[in-house]
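Thanks for coming, everyone. Please bring up the model on your screens, and we will walk through it piece by piece.

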Amino acid sequence: MLTDRRVLLIVAATLVFAQGTALGQIAPPRTLEELKAETQARADRNGYPLTGLKPADVREALAKITTLDRDEWAAAWSAVAARYEDAAKAAEAAGRIGDAKENYVQAWRLYSFARWPTPNSPGKQKAYERALAAFSAYARHLDPAPQTVRIPFEGKEVVGWLRLPKDVRPAPLVFTISALDSRKEDNVERGEAFIRRGIATISFDMPGTGQAPLKGDVDSERMFSRALDYVATRPEIDAKRIVVQGGSWSGYWSAKLGIVERARLKAVVVQGAPIHHYFQPEWQTKALGTREYLFDLFPARASVYEAKTLEEFLAFGPKMSLQGQGLIGRPSAPMLLVNGDKDTQVPIADLDLMLHAGSPKEAWVNPGGGHMGRSADWPDGKIFEKVVAPWIARQLGVGE
């Protein structure tokens with residue numbers, strides 16, 4: 001979890017030295033009690049990153065946590081998850097498939113939160129492995145069930161989940177990319193909104209996370225280009241009707257694909273996405289202290305590049321800028337840009353930059369919203385159901 005405070009003290013000290021930023025401007029990490037209180041509060045309102053977790057289970061796990069040690073964090077959540085996993089297996093053996101499905105999905109969510117935001121300790125890595133196993137067990141009980149795809153790629157493989165709707169052939173497709181701290185399995189779970197509309201989904205981890213074969217680098221979109229090659233070989237999919245959906249850091253990849261792969265895409269969703277300003281040291285030195293993120297923001301962000309120090313992280317970031325790569329003004333597939341004006345994780349200036357350059361685009365901005373556009377009146381689920389999913393359906397020519 002929030003690990004040793006030495007890392008955060010080093011971060012703050014380096015910011016002062018390298019950027020001339022006053023130490024008081026960097027928000028200190030949450031104390032254990034503050035973290036527990038905020039975690040429970042988010043669970044009580046079904047807020048990210050605890051969406052779908054039961055408040056009582058969250059309270060039970062938090063009661064087991066006495067330090068900020070990452071492995072203790074993983075063990076507490078995993079203990080609650082294991083109870084659901086055991087119940088799922090018992091229900092499965094008794095033929096109670098509905099109960100098994102519900103228990104497996106709860107086990108998946110809890111194990112996944114046990115490794116959140118990144119599996120950077122032995123306990124968190126074990127929790128991630130158990131999360132994948134629980135999700136696979138849950139997935140086989142979905143109707144229709146998704147299938148794992150393993151696409152050969154540069155001596156490795158791109159691993160994804162493909163889910164096809166019933167009785168629609170060839171089906172239009174939403175190509176989803178997980179974000180910094182979510183995983184492709186989250187998008188499969190949320191993809192039910194597309195399946196019921198007769199839209200297929202294929203879901204991947206973004207570079208530098210999960211099972212992705214590449215770290216986050218300036219040309220890592222090539223793994224997604226390879227996945228698009230694969231999609232074109234599947235007769236069940238209409239390769240002329242593909243929308244890429246990305247949110248938060250994965251919105252960067254959807255924006256880039258919307259430009260470099262525009263001939264193969266019907267449209268892209270770019271929600272809460274880093275584009276240019278986000279990658280500059282001036283933004284990062286401010287944003288790393290945001291309280292909008294629950295904990296361990298720097299370790300999670302640094303892991304994408306495999307950066308070992310703050311200096312390395314700050315130096316690498318500008319290379320990722322789409323403006324620096326000369327892409328901003330180029331033609332693109334139709335884009336929906338979404339975010340909140342009060343986002344403290346990704347600057348709203350990045351949305352403005354995309355909106356006012358290149359091809360015409362659509363935008364949905366919540367004036368009082370934070371990251372991804374979310375607010376009390378517009379939680380994640382409402383934005384997805386009322387804004388994003390209907391827009392995608394229209395682009396694919398699918399009715400409600």
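Mean pLDDT for the protein is 93, and 93% of its residues reach 70 or more. pLDDT is the predictor's confidence in each residue, from 0 to 100. One stretch falls out: over residues 1-26, pLDDT stays under 50. The model has 45 contacts beyond four places in sequence for that stretch, where contact means heavy atoms within 4.5 Å. Where pLDDT is low, the predicted coordinates should not be read in detail.

Now the ground rules. This is a predicted model, where local features need pLDDT of at least 70, side-chain atom pairs count only at pLDDT 80 or more, and totals for chains, interfaces and linings use all residues. Residues are numbered from 1 along each chain as its sequence is written, and side-chain values use heavy atoms, with hydrogens and water left out. Helices (H or I, at least four residues) and strands (E, at least two) are DSSP runs, numbered from the N terminus.

On to the sheet. What is the order of its 8 strands? The order is S1-S2-S4-S3-S5-S6-S7-S8, in an open sheet with mixed pairing. Strand S1 (147-153) and strand S8 (362-366) stand at the edges with a single partner strand each, so one side of each has no neighbour in the sheet. On average, neighbouring strands are turned by 20° against each other, direction ignored. Two strands count as paired if DSSP finds at least two bridges between them.

S1 and strand S2 (residues 156-163) run antiparallel, joined by 7 bridges. Gln147 has Leu162 in S2 as its bridge partner. Helix H9 (residues 222-231) packs on the sheet here, touching S1, S2, strand S3 (171-177), strand S4 (200-204) and strand S5 (237-247). The direction of H9 makes about 115° with that of S1. For such angles, axes are lines fitted to C-alpha atoms, for helices over the stretch in contact, and the range is 0 to 180 degrees between N-to-C directions.

S7 and S8 run parallel, with 5 bridges joining them. Leu337 pairs with Ala363 in S8, and Val338 stands opposite Trp364 in S8. On the S6 side, strand S6 (residues 267-271) pairs with S7 over 4 bridges, in the parallel sense. There, Gln271 has Val338 in S7 as its bridge partner.

How many of the 6 residues of S7 are buried? The count is 6 of 6. Buried means under 20% relative accessible area, exposed over 50%, partly exposed in between (1.4 Å probe, protein chains only). Met335, Leu337 and Asn339 point one way from S7, while Leu336, Val338 and Gly340 point the other way.

S7, H14 and S8 together make a right-handed β-α-β unit. Right-handed means that, with the strands pointing away from the viewer, the path from the first strand over the helix to the second runs clockwise.

Next, helix H10 (residues 249-260). Its 12 residues should span 16 Å at 1.5 Å a residue, and the end C-alpha atoms are 17 Å apart, which agrees. The expected span is 1.5 Å times one less than the number of residues. H10 is mostly covered, with 11 of its 12 residues buried. Among them are Trp249, Tyr252 and Trp253.

Asn187 is buried, with a relative accessible area of 11%. Beyond its neighbours within four places in sequence, Asn187 is in contact with Thr176, Ile177, Ser178 and Ser203. Its C-alpha atom is 8.7 Å from that of Thr201, 14 residues apart along the chain.

Last, backbone geometry. Tyr48 and Pro49 are joined by a cis peptide bond, omega about 5°. Pro49 lies in the loop between helix H2 (32-44) and helix H3 (55-63). Asp143 to Pro144 is also cis, with omega near 0°. Pro144 sits in the loop between helix H6 (122-139) and S1.

Two residues have positive phi without being glycine. Asn46, at about 60°, is in the loop between H2 and H3. Asn46 counts as partly exposed, at 44% relative accessibility. Met372, with phi near 70°, is in the loop between S8 and helix H15 (380-395). Met372 is buried, at 11% relative accessible area.
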